[in-house]
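Have a look at the model first.

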Amino acid sequence: MSKLKIAVQKSGRLHDDSMKILKDVGISIDNGRDQLKASAKNFPLEVYYLRNGDIPQYLRDGVVDAAILGENILIEKGTDISIAEKLGFSTCKVSVAVPKSLKYNSIKDLEGKRIATSYPNTVNQYLKENNISANLHIINGSVEIAPNIGLADAIVDIVSSGSTLFKNNLKEVEVLLQSEAVLAVSPLISTENENILNQLKFRFQSVLKGRQSKYVLLNAPNDKIQDIINVLPGMKSPTILPLAEEGWSSLHSVINKNDFWEIIDELKAKGAQGILVCPIENMVL
Ligand SMILES: Nc1ncnc2c1ncn2[C@@H]1O[C@H](COP(=O)(O)OP(=O)(O)OP(=O)(O)O)[C@@H](O)[C@H]1O
Ligand SMILES: O=P(O)(O)OC[C@H]1O[C@H](OP(=O)(O)OP(=O)(O)O)[C@H](O)[C@@H]1O
Ligand SMILES: [Mg+2]
């Protein structure tokens with residue numbers, strides 16, 4: 001029986017969350033990442049542990065059928081490779097930063113400057129779109145140090161919390177792109193493995209929807225139920241069950257996890273009691 005070959009980052013920012021989503025969709029992987037490759041026990045899947053930056057080439061060559069990698073790497077090295085699903089973790093930006101002391105007004109200030117980056121294609125494309133000519137210094141790591149050691153006037157690199165920029169006395173001045181981890185697909189995938197990929201994608205979607213949602217249970221007097229339904233966002237048809245105590249009901253619903261804290265005071269004010277909020281493992285709509 002055919003197996004889907006999927007690449008995940010061997011070690012680094014994406015590794016743990018990539019393994020976690022595979023685990024959360026019920027796939028158990030046989031051996032550790034000291035091996036180049038591992039098999040799933042209960043799903044037709046082989047996991048290849050590779051470097052994030054090398055994955056676009058492996059996808060292009062059909063060495064692997066699919067991969068979990070940073071969207072920014074696909075933009076840099078794999079614009080011909082398609083994305084099957086955005087996975088919601090490892091969110092970051094690719095941005096231009098300059099020394100804090102520099103007066104920066106607009107992108108025109110980059111004209112003729114030296115820019116250090118690990119993302120030359122992304123930067124060249126951006127400069128071209130904005131009609132700017134600059135000199136790129138391509139370095140593979142610790143890009144943020146370049147202005148401080150006199151190697152460059154500006155940098156283009158990943159920004160997440162901004163603390164690396166802060167530590168290096170730099171400020172973000174332009175955002176080139178937003179990125180997150182994605183499930184990408186090889187253009188050479190076979191029909192048989194595409195079917196397996198679709199099953200995996202379906203499982204990912206149900207876990208991702210579950211991660212975005214919460215299951216809410218609350219008790220309320222029957223005459224308050226309608227007021228409470230009006231407060232809960234996006235609730236079409238909540239489940240309402242009678243409690244043993246006369247005149248009271250229990251209301252169950254699914255809401256977006258970000259909405260709950262905004263409406264909790266209102267729910268209490270409308271008469272809700274004994275409010276429980278539970279995580280959802282999977283959600284199939
Ligand atoms: N600080 C960060 N916060 C959130 N996501 C990040 C951060 N840094 C990187 N990422 C995302 O994680 C991906 C992997 O980053 P990481 O630094 O682990 O690997 P890499 O430098 O691309 O290396 P390699 O090719 O060796 O695997 C990046 O492409 C980006 O999408
Ligand atoms: O805005 P922040 O939250 O500070 O994150 C940004 C930093 O994170 C990444 O580096 P990483 O820690 O992965 O180290 P690396 O350069 O060795 O890959 C990236 O290259 C930035 O340097
Ligand atoms: Mg890094």
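Q: What makes β6 and β10 a pair, and in which sense do they run?
A: Keep in mind that this is a predicted model. Two strands pair if there are at least two bridges between them. Strand β6 (residues 92-99) and β10 share eight bridges, in the antiparallel sense, so they count as paired. One of the contacts joins Cys-92 to its bridge partner Ser-179 in β10.

Q: Why are β8 and β10 called edge strands?
A: The open sheet has five strands, ordered β8-β7-β9-β6-β10, with mixed pairing. β8 (135-138) and β10 (170-179) each pair on one side only. On average, neighbouring strands here are turned by 25° against each other, ignoring direction.

Q: Which residues surround ligand 2?
A: The shell is made of Arg-13, Gly-141, Glu-144, Asp-157, Ile-158, Val-159, Ser-160, Ser-161, Gly-162, Ser-163 and Thr-164. The cut-off is a C-beta atom, placed from the backbone, within 6 Å.

Q: Which element gives the largest share of the shell around ligand 2?
A: That's β9, with three residues. β9 (154-159) and α5 (163-167) each supply at least two.

Q: What does UniProt list for residues 51-205?
A: An unreviewed entry gives "domain: ATP phosphoribosyltransferase catalytic". In the model that span is 28% helix and 30% strand, and its end C-alpha atoms lie 25 Å apart.

Definitions and conventions: Residues numbered from 1 in each chain as written. Chains lettered and ligands numbered in written order. Predicted model: local features only at pLDDT ≥ 70, side-chain atom pairs only at ≥ 80, totals over all residues. Helix = DSSP H or I, 4+ residues; strand = E, 2+ residues; numbered from the N terminus. Axes fitted to C-alpha atoms, helices over the stretch in contact; angles between N-to-C directions. UniProt positions renumbered as here; feature names shortened; annotations may be inferred.
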